[in-house]
Amino acid sequence: MKRFLHLATVSVALSAIAATIPTIPTPVRAQSQPILLSQSLNFQPPDVTAPANRQGGTHRGNGECPAGLSITPLVPISNIGLTLTDSPTFFVYVPQTDAQIEFTLLTEKEDELVYEKSFKVDKPGIVGVKVPPGDKEKSVQAGKRYVWSFSMICDTQDRSADLVVKGWVERVEKEANVQNSLKKTDPMTRVNFYAQNGIWYETVTTLAELRRQKPGDSVLTAEWNKLLHSQGLDSVATQPLVESL
């Protein structure tokens, strides 16, 4: 499998970021001023693939959830996203439901649980679940793939009735100078760097954070919609961001 962060690519990206650092404006923005991206967001998918199972939820058994319910994870068409962190955030669209939602993160062979969280939603929308940082044994390690899933538990007595979607995540290493440069840049520069280098989870997370800061910003809304449309997530592109767990 090709590694997308080739040295040449990183060097060019780093140079571009470093060049912007001295000229990034620092004045406090007025509350009514829109956040502007430094350029139009253009996600560049890396050359990686994984088994597909992201659309709407699938049953693991013969049980059934109520008609019309589905859950949709925010994951690229390839069904695998790259991350630079040991504690990425995973996003999923959840409809109006009283059912419990369960998130699990497993090792690549699905033989070891890394993280698990259950939750319910008060209203339909896109929920973000973050893997807690600081625990080496319960984190995403560099150079490894992990399998994650969101399950809608329709019958607690029959888990075969769950609606389940699965995806993959792989953490790639970033050089220390890249990490330091990213810390010195503003969120809009970072989100463009992530997108141009195929870092899916940070692209979505950073853009989601910006939209929470400025929910009425038309530019951010347009870029969010563009990002999701580019990965076949049209059905949830206009859904609200409702929670971050």
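## Helix pair and open sheet

Trp-200, Thr-203, Val-204, Leu-207, Ala-208, Leu-210 and Arg-211 of helix H4 touch Leu-220, Thr-221, Glu-223, Trp-224 and Leu-227 of helix H5, where contact means heavy atoms within 4.5 Å. By class, this contact of H4 with H5 brings together eight nonpolar, two polar and two charged residues. Here Ala, Val, Leu, Ile, Met, Phe, Trp, Tyr, Cys and Pro count as nonpolar, Asp, Glu, Lys and Arg as charged, and the others, Gly among them, as polar.

The model is predicted, with local features needing pLDDT of at least 70 and side-chain atom pairs pLDDT 80 or more, while totals for chains, interfaces and linings use all residues. Residues are numbered from 1 along each chain as its sequence is written, and side-chain values use heavy atoms, leaving out hydrogens and water.

**The helices**

- H4 (residues 200-213) and H5 (residues 218-230) pack at about 155 degrees with axes 10 Å apart; axes are lines fitted to C-alpha atoms, for helices over the stretch in contact, and angles run from 0 to 180 degrees between N-to-C directions.
- That makes H4 roughly antiparallel to H5 (angles over 145 degrees).
- Helices (H or I, at least four residues) and strands (E, at least two) are DSSP runs, numbered from the N terminus.

**The sheet**

- Four strands form an open sheet in the order E2-E4-E7-E10, with mixed pairing; two strands pair if DSSP finds at least two bridges between them.
- E2 and E10 (241-244) stand at the edges, each with a single partner strand, so one side of each has no neighbour in the sheet.
- E2 (residues 72-73) pairs with E4 in the antiparallel sense over two bridges, and Thr-72 has Tyr-93 in E4 as its bridge partner.
- E4 and E7 (residues 125-130) run antiparallel and are joined by six bridges; Val-92 has Val-127 in E7 as its bridge partner.

- Six of the six residues of E4 (residues 89-94) are buried, so the strand is largely enclosed by the rest of the structure; buried means under 20% relative accessible area (1.4 Å probe, protein chains only).
- Thr-89, Phe-91 and Tyr-93 point one way from E4, and Phe-90, Val-92 and Val-94 point the other way.
- H4 lies across E4 and E10, at about 65 degrees to E4.

Key:
Parallel < 35°, antiparallel > 145°, perpendicular 65-115°, else oblique. Buried < 20%, exposed > 50% of the residue type's maximum accessible area, 1.4 Å probe, protein only.
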